[in-house]
Amino acid sequence: MPYRADHPNRAPSSEALRARIPGWGADLDTALRPSWPMETAAPEPTGAHWDFPDRQRERGDRERSIEHEMLPPVFGTAQPLHGASGVIRRLAYRRFGEGKNTRWLLLVLGDRVDAVAAHLRSFASARPDNPVTQTGVLSESRRHPVRSRLGRGRVDLRHAWLDPIIVAGPWVVWAAVVVSLLTRGRRRG
């Protein structure tokens, strides 16, 4: 079991490995290894004063992979799940294992939902996000945009045409929605 001070030795014996893997154990002779004087035959004691570490108290529900029976003794609590992104992430952790693409796609979706929510929250603050200055679009024209991309073996050239769509696309869509709502409001009023 993980998180114990004394780990049981589950490794196969040297004889079993030598029989199964040709050439295994070629470096077992200490005379052939220059690092042997610095190595110790028995590991030093860990100094742990516990058999199993004290567990951190769980406050509320924590995300945990279905492959693991319990949380580690110490875990992060700085970014608890919240809002719609938290619902999506909880679904990913509770329903799908770590080997499933669905789980990771749901976690990415939860991240994108959280990013959109952060952008929306920024509009309510004194300093909203500025996509023009924060994405570096203005520096593109001043920093040799063509020369820095062509003839240098860059692998991101295949998807470089997508970057403006991905970065500016959501802002253009939201601007179109706002303009549409404002024009509808003026027509009714």
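Ser 122 lies in helix α3 (helices are DSSP runs of H or I with at least four residues, strands are runs of E with at least two, and both are numbered from the N terminus). At 8% relative accessibility, Ser 122 counts as buried (buried means under 20% relative accessible area, exposed over 50%, and partly exposed in between, with a 1.4 Å probe and protein chains only). Ser 122 is in contact with Arg 127, Pro 128 and Asp 129, leaving aside its neighbours within four places in sequence (contact means heavy atoms within 4.5 Å). The model is predicted: local features need pLDDT of at least 70, side-chain atom pairs count only at pLDDT 80 or more, and totals for chains, interfaces and linings use all residues. Residues are numbered from 1 along each chain as its sequence is written, and side-chain values use heavy atoms, with hydrogens and water left out.

**Helix α3**

- Helix α3 has 23 residues and reaches 34 Å from its first C-alpha to its last, close to the 33 Å expected at 1.5 Å a residue (the expected span is 1.5 Å times one less than the number of residues).
- Arg 103, Leu 106, Leu 107, Gly 110 and Ser 122 are the buried residues listed for α3.
- The buried residues of α3 pack against α2 (83–95).
- Ala 118 is also found in helix α3, where it is partly exposed at a relative accessible area of 32%.
- The C-alpha atoms of Ala 118 and Asp 129 are separated by 9.3 Å, with the two residues eleven apart along the chain.

**Nonpolar core**

- The largest nonpolar core has five residues in all: Ile 88, Ala 92, Phe 96, Leu 106 and Leu 107 (such a core is a set of buried Ala, Val, Leu, Ile, Met, Phe, Trp, Tyr and Cys residues joined through side-chain atoms within 4.5 Å).
- The elements that give two or more residues to this core are α2 and α3.
- Ile 88 touches Leu 106, Leu 109, Gly 110 and Val 113, not counting residues up to four places away in sequence.

**Nonpolar surface patch**

- Val 116, Leu 120, Phe 123, Val 173, Trp 174, Val 177 and Leu 181 form a nonpolar patch on the surface, with about 650 Å² of accessible area together.
- Patches are made of residues with over 30% relative accessible area and no salt bridge, like charges being joined within 9 Å and nonpolar side chains (Val, Leu, Ile, Met, Phe, Trp, Tyr) within 5 Å.
- Accessible areas come from the Shrake-Rupley method with a 1.4 Å probe, and for residues only the protein chains shown count as cover.
- Both α3 (101–123) and α6 (163–188) supply at least two residues of the patch.
- Helix α6 gives the most to the patch, with four residues.
- Phe 123 has its place in helix α3 and is partly exposed, with a relative accessible area of 48%.
- An α-helix has 3.6 residues a turn, so residues three or four places apart point the same way.

**Salt bridges**

- The structure holds three salt bridges (a salt bridge is a side-chain nitrogen of Lys or Arg within 4 Å of a carboxyl oxygen of Asp or Glu).
- The side chains of Asp 111 and Arg 89 form a salt bridge at 3.8 Å, N to O.
- This pair links distant parts of the chain, with Asp 111 in helix α3 and Arg 89 in helix α2, 22 residues apart.
- Asp 111 is partly exposed at a relative accessible area of 36%, whereas Arg 89 counts as buried at 16% relative accessibility.
- Arg 112 forms a salt bridge with Asp 111, the closest N and O atoms being 3.0 Å apart.
- Salt bridges that share partners join Arg 89, Asp 111 and Arg 112 into one network.
- Arg 112 is partly exposed, with a relative accessible area of 48%.
- Glu 58 and Arg 55 meet through their side chains in a salt bridge of 3.9 Å, N to O.
- Glu 58 is partly exposed at 45% relative accessible area, and Arg 55 is partly exposed at 36%.

**Whole chain**

- The secondary structure of the protein chain comes to six helices and zero strands.
- Buried residues make up 11% of the 189 residues in the protein chain.
- Residues 24 or more positions apart account for 44% of the contacts in the protein chain with a separation of 6 or more.
- The protein chain exposes about 15,600 Å², of which carbon and sulfur atoms supply 59%.
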